[in-house]
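We will go stop by stop, with one thing to select each time.

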There are 6 protein chains.
Amino acid sequence: MDDLQAPDATPMIEYSEASPEVRAVYDDIMRTRQTDWINNFWKALAHDPATLKRTWESIKQIMAPGALDVLTKELVYLAVSVSNQCPYCIASHSAAAKKAGMTPEMFGELMAVVGMSNETNRLASGYRVEIDDRLKA
Amino acid sequence: MDDLQAPDATPMIEYSEASPEVRAVYDDIMRTRQTDWINNFWKALAHDPATLKRTWESIKQIMAPGALDVLTKELVYLAVSVSNQCPYCIASHSAAAKKAGMTPEMFGELMAVVGMSNETNRLASGYRVEIDDRLKA
Amino acid sequence: MDDLQAPDATPMIEYSEASPEVRAVYDDIMRTRQTDWINNFWKALAHDPATLKRTWESIKQIMAPGALDVLTKELVYLAVSVSNQCPYCIASHSAAAKKAGMTPEMFGELMAVVGMSNETNRLASGYRVEIDDRLKA
Amino acid sequence: MDDLQAPDATPMIEYSEASPEVRAVYDDIMRTRQTDWINNFWKALAHDPATLKRTWESIKQIMAPGALDVLTKELVYLAVSVSNQCPYCIASHSAAAKKAGMTPEMFGELMAVVGMSNETNRLASGYRVEIDDRLKA
Amino acid sequence: MDDLQAPDATPMIEYSEASPEVRAVYDDIMRTRQTDWINNFWKALAHDPATLKRTWESIKQIMAPGALDVLTKELVYLAVSVSNQCPYCIASHSAAAKKAGMTPEMFGELMAVVGMSNETNRLASGYRVEIDDRLKA
Amino acid sequence: MDDLQAPDATPMIEYSEASPEVRAVYDDIMRTRQTDWINNFWKALAHDPATLKRTWESIKQIMAPGALDVLTKELVYLAVSVSNQCPYCIASHSAAAKKAGMTPEMFGELMAVVGMSNETNRLASGYRVEIDDRLKA
């Protein structure tokens, strides 16, 4: 007897089977990104239409060009995803950053900064460095 | 009887009491950054001159302008430090990013990206989203 | 010469000095929570009205009772904040969970689960445990 | 010459080959969970019988119904595992939570809370929000 | 009206006011560590006697000399606490490691390893390095 | 039209196709480690020769025997990698630790300490334990 039933791995909800509410988000993603496909992240979130809609609208607002340009935002998104070691996010945001103009040289320098900041974050904690008065004022 | 002796909180090694080896690093920091003071991070690392020298030389190399400019690198450094929740690093790299040209509007947008990427990293993991073939190829 | 200028610590934007856009959010927070004060988190976010509004509206939607009741949601919020070791969030969500009905006994059991899950997460990784076929199907 | 010998991937210790000490733990797991199988986590830990026994007895105590019911505890366990991005733990605790009564709607709301708390944890840190006096008292 | 009531900051439970169950743990801590005081971690956990007892007995078992000596175990404990950036744990385990024989030179080398491993962990993730066949076999 | 082009998975740069600069690092790695192969981490980093060289030279310096012996350093490196849940790093540093003398018993005890420290780090944060005066002095 199998008492510990596995939840289904999250199946993707394809456009053809999506509700009108979900399709409206898919359409907006494709229109905004000027693309003709939807990556799996959204097809998984579609199981919870409220989260799909809220997450997409938040990202659409946050990632639009503003005081920071799109490439810079994608570099930061990738940096955080690498620092958090999220395989899906690294794959998808590497692609997005490359599309936004990230060159191999930029990627190399980005990784160097991500690596070094993770190192010095721990050195600062381990040495219990007090915040300088000049940095507080 | 105090059997659990507390390690001293890391005292800062000031320029006046530093060894020639440590002073050489302090001098290079001030020269490179065109400043006349050393922040506490380096004065704490000075207890281990090998780490002080290696860390400074690595940062000097990594943070120099290259394919990414200095402001972009400082924004990424700050983003990682915020994501890791390191108070000292947030204080020092907020100051460094501001010095490199970060405006309040840029800071606001940076925080929005850091927050959102931390959110979607967990959504991708929790929904166990499979990496799209298009993202693998 | 002080070349590394410290960014101001984020000053709080009080109701009396807030823009109409920010006040509208503050009003909705107080109305929704049936309270007469605004905690510092919102007063700091108010420096970026777009983030203030988006974050509040997301939280308002997410934390409303649904398939999970408010107490359960607050317990989860606190569990994540403790796991991430965020002092502000632990303070504010301990208060929110208590308001939603968390007793000292519940808090003790919650911490036990948070501690144990953090332990076994590392044991699973360190032993490189393969996912059981039954858990994949 | 292969000087960097790979450690064996942790092989599972099956019931039939287990020592009496390990079998006693396996028996208690199956009896407590009213199931007839042991998932890989325990079969890997069995290489260190002291850790197997201690971990099982701790989990048995912690996850028993108390001030919090079993479902709530499983939801928290899953939330922490998702926040930590541990694939094995997400798979096993998704199954356990579902067995304890988690519906797809509950899962969706749980993920929303986990995502949002990870976001606001970083906003609180990045904005360096001071803890309110009301939250300290 | 203060509707968001702050939970009390966890008050310490002193020996003189502790229950017999809690006192028995305090006594065992002092006897095992050959000391005459109890640090705040235990006095806070004492609010949940089951967690106090389980945690202490687990630590007592885990930190006893075995295949690894006490100093090595304390160095690892400190390394993890620094990597996780937990201020209380860094303070208490720095003291414990020093008591177990950690010299300033050892501390410096330990921090160097903690920093570097945090750096290369991210480089490995960001570059999406495939595990070598030799490391799998 | 495929507008979201996937970045190539990082291809390995083999010795035969490497530049003289990269070969010099590969040669030094093999000489220092007294081995005849290079693991994938270095072959991926070779896309950024400056990072390859800097990272190798840092690791060579940090992991050399000093106040801490090589085995202790490898145990700490593995502990941090497990705590951070980095699959590549766990595989490679398990192998390195084993080569340096880690027995199965040592591995079991190491994992126990890593698990327990991750647990108590969260208990200390969740209970908001104040640092003892004795630990500050």
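**Salt bridges to start**

Over all chains, a search of the whole structure finds 30 salt bridges. A salt bridge here is a side-chain nitrogen of Lys or Arg within 4 Å of a carboxyl oxygen of Asp or Glu. Side chains of opposite charge can pair when their charged atoms come close.

Before you click, two notes. This is a predicted model, where local features need pLDDT of at least 70 and side-chain atom pairs count only at pLDDT 80 or more, while totals for chains, interfaces and linings use all residues. Residues are numbered from 1 along each chain as its sequence is written, chains are lettered from A and ligands numbered from 1 in the order in which they are written, and side-chain values use heavy atoms, with hydrogens and water left out.

**Stop 1: chain D**

Select D28(D) and K60(D). They form a salt bridge, with the closest N and O atoms 2.8 Å apart. D28(D) lies in helix α1 (residues 20–33) of chain D and K60(D) in helix α3 (residues 49–63), so the pair ties together parts that are 32 residues apart in sequence. Helices are DSSP runs (H or I, at least four residues), numbered from the N terminus.

Is D28(D) buried or exposed? D28(D) counts as buried, at 15% relative accessibility. K60(D) is partly exposed, with a relative accessible area of 37%. The cut-offs are these: buried means under 20% relative accessible area, exposed over 50%, partly exposed in between (1.4 Å probe, protein chains only).

E57(D) is partly exposed at 42% relative accessibility. K53(D) is partly exposed too, at 38%.

**Stop 2: chain E, then chain A**

Jump to R31(E) and D28(E). The closest N and O atoms of this salt bridge are 3.2 Å apart. Both residues sit in helix α1 (residues 20–33) of chain E, three residues apart, about one turn of the helix. R31(E) counts as exposed at 58% relative accessibility, whereas D28(E) is buried at 15%. Next, select D28(A), R31(A) and K60(A): salt bridges that share partners join these residues into one network.

**Stop 3**

Pick Q34(A). Its place is the loop between α1 (20–33) and α2 of chain A. Q34(A) has a positive phi of about 50 degrees, although it is not a glycine. Most residues other than glycine have a negative phi. Q34(A) is exposed, at 67% relative accessibility.

Go to Q34(E). It lies in the loop between α1 and α2 (40–45) of chain E. At 65% relative accessibility, Q34(E) is exposed.

**Stop 4: where chain A meets chain B**

Show chains A and B together. The contact (heavy atoms within 4.5 Å) takes 64 residues from chain A and 64 residues from chain B. About 5600 Å² is buried between the two chains, 69% of it on carbon and sulfur atoms. Buried area is the accessible area (1.4 Å probe) that two parts lose on being put together, summed over both.

How many salt bridges are there between chain A and chain B? The count is two. Select K73(B) and E109(A) to see a salt bridge with its closest N and O atoms 3.2 Å apart.

Now colour the helices of chain A. The largest share, 17 residues, comes from α6(A).

Which surfaces do the copies use? 100% of the interface residues of chain A are also interface residues in chain B, so the copies meet through the same surface.

**Last stop: K73(F)**

Select K73(F), in helix α4 (residues 70–84) of chain F. K73(F) is buried, with a relative accessible area of 2%. Leaving aside neighbours within four places in sequence, the contacts of K73(F) include E109(E), V113(E), I62(F) and L68(F).

Conventions: Helices (H or I, at least four residues) and strands (E, at least two) are DSSP runs, numbered from the N terminus.
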